[in-house]
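Welcome, and thanks for taking a look at this one. Please have the sequence and the structure open side by side as you read the briefing.

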Amino acid sequence: MNFGKKKVKERLSKQSSTAPKTQRKVILTIFKSILMIIILVLIAGVCAGYGVVRSILNNAPDIALIDAVKPKGHYSTIYDADGNVMQKLVKEGTNREDVTYDQIPDDLVNAFIAIEDSRFREHNGVDIKGILRAGIVGITTGDFSEGASTITQQLIKNNIFNGGLETNFGDKLERKIQEQYLALKLEEQLDKNTIMQYYLNTINLGNNTLGVQSASKRYFNKDVSDLTLSECAVIAAITQNPSLYNPIRHPDQNKQKRDIVLSYMLQNNMITQEEYDEALRDDVYSRIQITPSDTSTTQVFSYFTDTVFEQVAEDLQNQLGYTETQAYHLLYSGGLKIYTTMDPTIQSIVDKEVNDPDNYPVTQYSMNYSLTLEHNDGTTETYNESNIEEYFKITLGQIKFQLLFDDTETMNACIEQFKEYVVNDSDVIVSETITPILEPQVSMFIMDQNTGHVLALTGGRGEKTGSLTLNRATDSKRQPGSCFKVITTFAPALDSGGATLASTYYDAPYTVDNHSISNWWGDSYVGYANIRQGIAYSMNIIATKCMMDTVSPTVGIDYAEDFGISTLVPEDKTPSLALGGITYGVYNSELTAAYAAIANGGVYTEPVYYTKVLDQNGQILLETEPETHTVIKNSTASLLTLAMEDTISGDTPWRSHGIAPTGELCEVPNMSIAGKSGSTTDHNDLWFVGYSPYVTCGIWSGYDESVTLGSEGDYHKIIWQKVMAQIHEGKEDIGFEQSSDLEVATICSKSGQLAVKGVCDQDDGCVVYEEYFAHGTAPTTKCSRHVSYSICEVSHKLSTSWCPKNLVENRVYTIIDPKDLGDDPLNPVITDDVKNAVPYNLNTYCTIHHEPETTEPATSETDDKNKETTDSDSQNETKKDSSQNESSSKDNELVSPSQNETDDSESDGFFWEFWKN
């Protein structure tokens, strides 16, 4: 038994010792198999990858055939709404001027190296360290946007691969591999200086400039060789995002990037600390030209083309993910077909009227000027038009001197006088540019309010000398004046403030936030006026009181932004918002679109400049779907339109004050027109924005440098009328579509309540008319602003039954709320209503006429009864008159007369007072 047990134990012991070995063999076999599979997959992957990469490289352009200097591609074409060719976007030669490497200053080369490719002089075309750095940043932060492209790669991408226009990862990866391969090859054939020269001659630097020479002339009006360190940094700062860092439109953003460029140059020992500090102190942005001084030999873009170009470029970036440079290259060399909304007939009308000198009361010239001198010691100095103005005002003491000239000869004479002062015999004039600018300037913007299609626009008058230049319709912010009353005040008051067109406010001297508000016609005041009248006659005090009593500046800004106004800031939350007194002004395009929303029943439609963009294969690349949203109720829009129709042809009771509808000059025969005028206090900015059932049109005019136009303030309305009259020639007046949610009531304009026949209509300063109201908001109470009394013309007191009827006159007076009379109700400012207020002496009855004395005593009982009856009737009549007068005078106050006034003064000398309980 023991022997058997021993055998079993030995057998079990052997089995237990061999089990781990077997398991290890199995695991090892599996591991070897997996490893072999992985190795085989890797080998296959490498082979496949090698094959893919080899195929990609084989398909790369032959480096021997590449001309890296000239961008490749096909020009794009822009069409108007009728399918006619408007413009061909030809890139080659457009605002490009090549220079040799030795003409490019070292500071400019170093600035681009510092910001774009710090190891440019070290790598062989591909920066491995940069790629690893970008990969680490991407892995650790999740942001893979940091670039590692070298300047050599950028040169190839921009000029061989059209800026890199791929829309999917596979195509982008293929291009990236080819780009790196070609960069290595290119560096084998060209030295670093030549590569840098090609790069700097072809890079996009914004404002339709290709290359540093073109950019230097565009921004600083000088050759690239004459650029200062600070100017070099400004240009280098543009390249990473030519739109965001545009030194003309976004100088603050460019300055931030310029400072980074300078700091990188300092860190890399490219400049000294002294040079760095001096460059930071340089007021370089004061020297940047707003208007280009050079004229390209290619066709200059129209203002509409400028706008379409910029809109398509923006949409390519926002909707398809292109970079600024990629969008730019695609527009110029992608063979696109861009179909715009421009109506060629309307555009030609606008161009004709805007450029007709007979439409302007005066023609003057301002200028853009630049003079660069090289002094004997090799330093350079640049002067502009501001230096000329300073010379005449300060040096010569001509305080009233303005850079405005009646002719170009006088302008040139002033320039020569200035040059005699600043140019020494040893100085060399490096460059000089004089660009006359017609003044006053103008912009116009026309759109179809139903579709949002922009039909025509112009950004200025006079010859357009460059492409993608200042467009006053879309780029210039100007103070909107009274045009803002509708947007910020009356629209919200009617829409959500509980007001109606009949709501009244008291027109009298008004001070708010230590700012005195006055009306445009002077120091006369009408008393009570309603919102309709406030719109039609552009009443500043009514608008401001409506803003402060009914709306609030915060709500006003909310509505304006909902109307599409993008330029407001928190500092604009002031009473001046009601009158268009804001920090930065507004764009004509945005203000016109805001009024188009009212014309469109309260629905805002973002302006549309093009309908679709096709690529060179005819496939739709972009297609516009206008963004819309409701700003105000349809009933509110109808009410505003009804009121703004009165701006054109309203009837006013105040013409004796010189108060007339402010849009009378804009009336178009046989066509419904509504709109609103606007001007600033000194007539620096003139506006009219209005609409028909078909289109909305906004015009601005003024001097670029905000010079007052004085009394010459209505010519812009005549231009507006001429344009609109021609647009609507032969069109049927279909009228404005009216909201079904309106009701009508006959009201008194002084109270906003139901008019009392024979009373309210007897006040010469009052208008009794049928007013429209949103459903449920019409008044239900009768006028409490007017009171009627019977006056004895002899005693000038309340009449009695004894006053002869031919000497009794019914007179209507105005009741004024004491709070509207200011701090001194006993001596109120004279308004029309104060003149018509209840006289103080209407608290007594006529004592001149009384019961006639009887000469014979009563002879019978019947006579006594008749007399009693007569006396009773007379007393009853007197009581009746008294009761009526007391009822009429209820809730009014009585002001005591002056000491030098008598009770029997003439009616014209009545005190302008009111009853007192």
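How many residues lie between β18 and β19 in the hairpin that they form? There are 4 residues between the two strands of that hairpin. Please keep in mind that this is a predicted model.

**The five-stranded sheet**

- An open sheet of 5 strands runs in the order β8-β7-β19-β18-β17, and its pairing is antiparallel.
- β8 and β17 are the edge strands, each pairing on one side only.
- From one strand to the next, the twist averages 5°.
- Strand β7 (residues 441-447) pairs with β8 over 4 bridges in the antiparallel sense, and methionine 444 has threonine 458 in β8 as its bridge partner.

- On one side, β18 pairs with strand β17 (residues 674-679) in the antiparallel sense, over 6 bridges.
- Within that pairing, serine 677 has phenylalanine 688 of β18 as its bridge partner.
- β17 and β18 form a hairpin with 5 residues between them, and histidine 683 in the turn has a positive phi of about 55°.
- With strand β19 (residues 696-702), β18 makes an antiparallel pairing over 7 bridges, in which valine 689 stands opposite glycine 698 of β19.
- Why can β18 be called largely enclosed by the rest of the structure? The reason is that 7 of the 7 residues of β18 are buried.
- Both faces of the strand are covered: Asp685, Trp687, Val689 and Tyr691 are buried on one side, and Leu686, Phe688 and Gly690 are buried on the other.

**Helices against the sheet**

- α16 lies across β17 and β18, and its direction is at about 110° to β17.
- Helix α22 (residues 715-727) also packs on the sheet, where it touches β7, β17, β18 and β19.
- The direction of α22 makes about 150° with that of β19.

**Salt bridges**

- In total, the structure holds 23 salt bridges.
- One of them joins aspartate 685 to arginine 478, with the closest N and O atoms 2.6 Å apart.
- This pair links distant parts of the chain, 207 residues apart: aspartate 685 belongs to strand β18 (residues 685-691), while arginine 478 sits in the loop between β8 (454-458) and α16 (483-495).
- Are aspartate 685 and arginine 478 buried or exposed? Aspartate 685 is buried, and arginine 478 is buried too.
- A network of salt bridges with shared partners joins Lys222, Glu231, Asp282 and Arg287.
- Lysine 352 and glutamate 353 form another salt bridge, in which the closest N and O atoms are 3.7 Å apart.
- Lysine 352 counts as partly exposed because its relative accessible area is 46%, between the 20% and 50% cut-offs.
- Glutamate 353 counts as buried because its relative accessible area is 7%, which is under 20%.

**Helix α7**

- Helix α7 (residues 212-220) is mostly covered, with 8 of its 9 residues buried.
- Those buried residues are Val212, Gln213, Ser214, Ala215, Ser216, Arg218, Tyr219 and Phe220.
- The cover over the buried residues of α7 includes α2 (106-116), α6 (192-202), α8 (229-238) and β4 (364-374).

**An exposed loop glycine**

- Where is glycine 498 found? Glycine 498 is in the loop between α16 and β9 (504-507).
- Glycine 498 counts as exposed because its relative accessibility is 71%, which is over the 50% cut-off.
- The C-alpha atoms of glycine 498 and threonine 550 are separated by 7.9 Å, and the two residues are 52 residues apart along the chain.

Key. Residues numbered from 1 in each chain as written. Predicted model: local features only at pLDDT ≥ 70, side-chain atom pairs only at ≥ 80, totals over all residues. Heavy atoms only, no water. Salt bridge = Lys/Arg side-chain N within 4 Å of Asp/Glu carboxyl O. Buried < 20%, exposed > 50% of the residue type's maximum accessible area, 1.4 Å probe, protein only. Pairing = 2+ DSSP bridges. Axes fitted to C-alpha atoms, helices over the stretch in contact; angles between N-to-C directions. Contact = heavy atoms within 4.5 Å.
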